[in-house]
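Hi everyone, thanks for coming along. Please take a look at the sequence and the model on the screen, and I will walk you through a few places in it.

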Amino acid sequence: AERNLGQPEFLQAVTEVMESLWPYIEKHPKYAEQGLLDRLVEPERVVMFRVSWVDDHGQVQVNRGYRIQHSMAIGPYKGGIRFHPSVNLSVLKFLAFEQTFKNALTTLPMGGGKGGSDFDPKGRSPGEVMRFCQAFVCELFRHVGADTDVPAGDIGVGGREVGYMAGMMKKLSNRADCVFTGKGLSFGGSLIRPEATGYGTVYFADEMLKTRGRSFDGLRVSVSGSGNVAQYAVEKAMSLGAKVVTVSDSSGTIIDEDGFTPEKLAILMDVKNHHYGRVNDYAKRTGVRFEAGVRPWHVPVEVALPCATQNELDIKDATTLIKNGVLCVAEGANMPSTIEAAKAFEAAGVLYAPGKASNAGGVATSGLEMSQNAERMSWPREEVDARLLQIMKGIHAACQQYGKRADGSLSYVDGANIAGFVKVADAMLAQGVI
Ligand code: NDP
C-alpha cells in the first residue's frame, strides 16, 4: 500500500482479488513462490506523457496521457483507452490490473493494459476531438503495436475516436497492422464488436439465471449508463423478453415503467451516438420520466446491470436492491460495485458477477478482431456472435469450477479471480523471473 499511496481504486481492485486468492494459494503454495504475487501487482510498464493540442479558439490545451502495460505474460498488452476528466493513475492502474485477469478468462492470448487521458470530450467540437486523438497517438504510437500492445475504446472513446487514432497510427508507422480494435467495418473492424460487451453481459447473466431455473423472459431489468455497453445490454435483454425500466448518465436517470422498445432504443442511440446528448434530451423526445441527480438503483427490479463506471453502486444501493428482491446483478462496467456492495450481494444469496467475468465479451471480440485481421478475413455476424456466446458460457463454467466455497455456495467473484489468476500465474512461473 505504501508504494501506491493516493491510488484508492487500484488498492480496491487488488484487495478484492487478493481476498479471493489467499485461501486458494494456501492450498497451492507454488503460487506464493518466485515473488509471483509481488510481480503480479506491479505493472510491467507505466507510460505518462504530455498531450498538447490547439482548440477551436487557437488556444493551446495540455492534457495528460497514459498507457499502463500491466502484463504481457499470455499475449500482447490489450485494453481500452478512456477519455474522461476523472482519469488518473489510480483509475487506469486498477483497470489494467482487472484487464489482465479478464483477458485470461476469455482463453484468448491477450495480456492486460489500459490507457487514456483526462481529456473531456463533452462539449468539444468534432475537429477538436480529432486533433486531440491525433496528438494523443503522436506519443502513444511508439509504445504500441500489433504484437506489443493493442488498445481499444472505453468511456469517451467509441468508433469515431478509435478511427482517428488508428488513422494517425497508420500515418506514423506506414503500416496497416491491427494496432487498435473497435475499428470501423470499412478498415478492419469486426462485426458484433460494438455490441459485444453489452450482449456478452446479458449472455452471462442469462447463464447465471439458468442456475436458478430462470430466464430473462418477463423480468424487470435496470441498466445504468447509456453509452456503448448500456445500449447493447438494453437491446439484448429486451430481445430475451425482459422489461428494461432504466438507463442513466452522469446527469440522472430515466425511469420508464412501460419498458424500453426497439423504437425508443433507436432514439436513445441517436441522442447519444449522433448528437452526443444527455439522457434528458432522450426524455424530452420520448416523454418518459427523467429524475435529475439520482442513480437507477432505487427502482425495484429482478436484474440490475450496472454499465456506467466504477463505484457507481454502493452499500446503500445494494441494500435497496436486495430489499426490493433483486435476483441477479451482472456488471457491464468495470468495478461498478464497491467492495461492501459486492459482499452484501453475495451474503444475501444474490447472483452477483464481477465485471471481469460478465463484461469480458468486449475484449474477447476484440481478440476475434485481431484474429480476423491477422488472417485478412472477416467473419459473418452469426459466426462472431456464436463465438462470443461460447466464450461467455466458458467464462461462466470457469467461475463455477473455481468459485465453489467451503459451504457449497458459488462465488462468481472468487471463481473469476482464481480462474484468471491460475492462467496468468502458470504462464509467469513457466517464463521465469522477468
Ligand atoms: P461510454 O462512454 O459509451 O458510456 C459511459 C456511460 O457511463 C455514459 O452514460 C456516461 O454518462 C456514464 N458515466 C461515465 N462516467 C460516469 C460518472 N463518473 N458518473 C456517472 N456516469 C458516468 O462508455 P462504455 O459504455 O464503453 O463503458 C462503460 C463501462 O463499461 C466502463 O466501466 C467501461 O470500462 C466498461 N467496459 C466497456 C467495454 C467496451 O467494450 N466499451 C468493455 C468492458 C468494459 P455521461 O455521458 O454523463 O458521462
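Residues are numbered from 1 along each chain as its sequence is written. What you see is a predicted model: local features need pLDDT of at least 70, side-chain atom pairs count only at pLDDT 80 or more, and totals for chains, interfaces and linings use all residues. Now, pLDDT is the predictor's confidence in each residue, from 0 to 100. For this protein the mean pLDDT is 97, with 100% of the residues at 70 or more. The model also scores an ipTM of 0.98 and a pTM of 0.97.

Two more terms before we go in. Helices (H or I, at least four residues) and strands (E, at least two) are DSSP runs, numbered from the N terminus. A residue is buried if 20 or more other C-beta atoms lie within 10 Å of its own, exposed if 12 or fewer, and partly exposed in between, with C-beta atoms placed from the backbone.

Let's go to N228, which sits in helix α7. Leaving aside neighbours within four places in sequence, N228 is in contact with G158, P194 and T197. N228 is buried, because 27 other C-beta atoms lie within 10 Å.

Next, the ligand. Which residues come nearest to the ligand? Of the 26 residues around it, the nearest are G227, D249, S250, A333 and G362. Here a residue is near a molecule or strand if its C-beta atom, placed from the backbone, lies within 6 Å of it. Helix α7, residues 228–239, gives the most to this shell, with three residues. By class, the shell has six nonpolar, 17 polar and three charged residues. For those classes, Ala, Val, Leu, Ile, Met, Phe, Trp, Tyr, Cys and Pro count as nonpolar, Asp, Glu, Lys and Arg as charged, and the others, Gly among them, as polar.

UniProt, again in an unreviewed entry, also places "binding site" at K78, Q99, K102, G153 and S366. Take Q99 in helix α3, residues 89–105. Is Q99 buried or exposed? It is buried, because 27 other C-beta atoms lie within 10 Å. Beyond four places in sequence, its contacts are H70, G79, G112, G113 and K114. S366 is in helix α13, residues 361–374. With 30 other C-beta atoms within 10 Å, S366 is buried as well. Not counting residues up to four places away in sequence, S366 touches K78, A152, T181, G182 and R193.

K78 takes us to the strands. Two strands pair if DSSP finds at least two bridges between them. Strand β3, residues 77–83, pairs with β5 in the parallel sense over four bridges. The bridge partner of K78 in β5 is V150. In a regular strand the side chains alternate between the two faces of the sheet. In β5, residues 149–152, both faces are covered: D149 and P151 on one side and V150 and A152 on the other are all buried.

N174 has a positive phi of about 55 degrees although it is not a glycine. I192, also not a glycine, has a positive phi near 75 degrees. N174 lies in the loop between α5 and α6, and I192 is found in the loop between α5 and α6. Their surroundings are worth a look: N174 counts as exposed, with 6 C-beta neighbours inside 10 Å, whereas I192 counts as buried, with 24.

Conventions
UniProt positions are given in the numbering used here, feature names are shortened, and annotations may be inferred rather than shown by experiment. Two residues are in contact if their C-beta atoms, placed from the backbone, lie within 7 Å.
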